[in-house]
Every structure is written in structure tokens, then in C-alpha cells.
Amino acid sequence: MKQITVTSPLLPDLDEFHSLLKEIWDSKWITNNGSFHKRLEAALAEYLKVPYVSLFTNGTLPLITALQALRITGEVITTPYSFVATTHSLWWNGIKPVFVDIEADTCGMDPEKIEAAITPKTTAIMPVHCYGKPCNTAAIQAIADKYGLKVIYDAAHAFGVEVGGESILKAGDLSTLSFHATKVYNTVEGGALVMHDETTKKRIDYLKNFGFANETTVVAPGINSKMDEVRAAYGLLNLRQVDAAIEARQKVARKYRDALRDVDGVTFFEDMSGVRHNYSYFPVFIDDKKFGMTRDELYFKMKEANVLGRRYFYPLISEFSTYRGLPSAGRENLPVAHKIADSVICLPMHHDLSEEDIARVLKFFGK
Ligand code: T4K
């Protein structure tokens, strides 16, 4: 039986890509803020309805660079329910992560748990719009303002997500994106930082290019995380088809929801009112007593039949060896996150799923 994977990359038309490659070959300018890099930054800012975008080589370096750009030190309040890169970005900056629990209805950081985690060393909050579901940004910002903290959103999953017609990427001081192959919009590997003003964009552009402000001036200990021309060209082509891909994903989500609504022991997210979702993931949560099977039994049963759901995000980041000794990593501090991590399975969700693929997935739920 054909393998059905949790996701499948959106790929540009090969002939169109080839003709852009020809342009790059002719120009002999293959990286370092070339014309495709500039075009993609402008096109993304327009598509995402944000003032400034800075492209990166992946979605992890924007997190590391955002912390550098805002000179974040000491302790940062974050979520254990994410891909490990979120917390690793703090570790790479010598910052102590302080985990707070999540809300069950968004899987995002619970704003009510933040204040109790603030200490004199706290300098910032790093929440994640998990699965592209918007965090409670107003409540998080109110706490940040009260205590003078910065907010950096890991928006790796939130490409194109809008609340009330406004991009979710405008929330906080900075937001990061991942354009990895497994994301709604990809540039093979890639990512971006979204910022509010030109000065911050300039500083971040320096930081991703070793700190060079010009040929002879280095203004900061920057890193090399520039996107090259080949991936920028690929990204320009994928941007043209991302709306159609999101629409196709929405159709899959509707089919899953219609079928699963009356299945005992299975819950999932409905659309939030006023939100443009991107349907990047389709997590379902298994109550083993009611469903008659544990999440892991379901996961392995599917795997045996070549239907690859994924347990995003299990185990919690706070359970990994680097972080499990932290005072905030204890199970008793993170009951909701543990419950969600132990019950979640993300069903296959991408633009290219056929009716037969969807039917094969739904069979595991008695449909
Ligand atoms: N913050 C958050 C919240 C994130 O979720 C991530 C990344 C980051 C930050 C960091 O961004 P990046 O530095 O990665 O840009 C994947 C991705 O590698 C990772 O980007 C992503 N989050 C994470 C949630 O998932 P894996 O190890 O689960 O991927 P993998 O290789 O098992 O692929 C999953 C499935 O996708 C495969 O079974 C088939 C399909 N696939 C994958 C690739 C790579 C393809 O069909 N083609 C492909 O080329 O981590």
C-alpha cells in the first residue's frame, strides 16, 4: 500500500523553476542579497500584510537572531509544547528557559500562568502559535507591557494566519517563520523574521550577514544565515500557489471534521471565528477509555498500514535531557501540556491528499 505521510512538500513547476535558474546562472549572482532575495522579501511582505521581512536559511536561526537583536538575557518564559528548536534557540544564547503550561483549547501558552513565572531575571516571553492557532496575543502583550518584557513569537506554523483581517505576525516585538519542506509554504529549507520598523530590519540584516554594515564595518557578532538565490527563486514560485494549497488543506480539514465529529473519544479543533487559518496540521486528541485504544496503539496501527500520523509534540521539550533538570520542567508544573502531548496525533494533512488517502486515514476511526 502506498505510504501516506503526515505532510508532503508544495513543489513549484519544474519548467518554471528551470527558467528562473537560467536567469540566476546568467547573472552569476547566486547569494548575498541578490535580486531574487530582494524580490521574495518584498513579495512576502505584501502577501503576509506585514511591513518588513528578512529572509533566513531556516526557521531556527531567526529565533536565535531575534534574541540577539533584542539583546535578550537571563530568563525567558516559554512553552514546552513545541518543536525543540524553540527552546534550543534560548540555549544557544545562554538563556534559561522557564516553562509555563499551555491552554487546552489553543495548545498555546496559558497567559494566566505567565505572571507566576516572572522573576527579576525575566527579560522576554517566547510563545508559539502552535499548529498555526493564534495565541492569546492581547493577554500576553498586557503582561509584557506591565513587566517591561519583550515578546518574540515563534510563528513557524503560522504562515498566512490572520485575525480580524490582520496578520498574526504583527503581534509582539518580532515573529519568526519556518519555510521548511514540511511547512504550508516552503523554500526547501528557509525561514524569516518579521519586524515592525526599518531600523530593526537593518539590524537583523546585519546580524544574518556576520554583522557587516558595509565592506569594512562589523557592528555586531553576527552569523551567516542568508537565503541564497536558488531558494529565493523557488520561494517566489511557491508563493503563487500557496493560496490554492491552503484551500486544498481546508477541504481535507472539513472532510476529517465531518467524519470525526461523532466518533467517541476523539476531539479536534474547529475553526476560530474571525481567523484565517492555514490548516498546517490536523491534530486530534485521543481519550483512550472512550476510543477503546491508546494514542500510541493507534499511532503504531496506522504506521503498520503505511499511514504516517505524527505525535507532534510528544515528548514535551521539558522532558528532553538538556531541559528536564530545570525547576520549571516538572510534570506537576505542566499538567495540561502533558495531557495534550500524551493524547495527540497529527493526521496526514497536505494539499495533495486524495479522496482515497483520506478514506484510508478515516478507516482507523471506524469510518
Ligand atoms: N519552531 C517550530 C514551532 C517548528 O515547528 C520548527 C520546525 C522550528 C521552529 C524550526 O524550523 P526549521 O529550522 O526546521 O525551519 C519536521 C521539520 O524538520 C521541522 O521543520 C518542523 N518544525 C517539525 C515540526 O517537523 P521531522 O523530523 O518531524 O520531519 P521529517 O523529516 O520526519 O518529515 C515529516 C514528513 O514530511 C515525512 O514523513 C515525509 C514528509 N517530507 C519531509 C521532508 C523533509 C517530505 O515529503 N519531503 C521532505 O523533503 O521535523
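Domain 1 and domain 2 bury about 3,100 Å² between them, with 67% of this area on carbon and sulfur atoms; buried area is the accessible area (1.4 Å probe) that two parts lose on being put together, summed over both. Phe-99, Tyr-131 and Val-184 supply 23% of the area that domain 1 buries against domain 2, more than any other three residues. The model is predicted: local features need pLDDT of at least 70, side-chain atom pairs count only at pLDDT 80 or more, and totals for chains, interfaces and linings use all residues. Residues are numbered from 1 along each chain as its sequence is written, and side-chain values use heavy atoms, with hydrogens and water left out.

The protein chain is divided into domain 1 (14-237) and domain 2 (242-365), with bounds from an automatic or database domain assignment. The C-alpha centres of the two domains lie 25 Å apart. The contact (heavy atoms within 4.5 Å) takes 38 residues from domain 1 and 36 residues from domain 2.

Across the interface, 19 residue pairs are found in polar contact, both residues at pLDDT 80 or more. A polar contact is a pair of N or O atoms within 3.5 Å; within protein, one must be able to donate a hydrogen and the other to accept it, and residues adjacent in sequence count only if both atoms are side-chain atoms. On the side of domain 1 that touches domain 2, the elements giving two or more residues are helix H4 (85-91), strand E3 (96-99) and strand E6 (162-163); helices (H or I, at least four residues) and strands (E, at least two) are DSSP runs, numbered from the N terminus. Strand E3 provides the largest share of this side, four residues.
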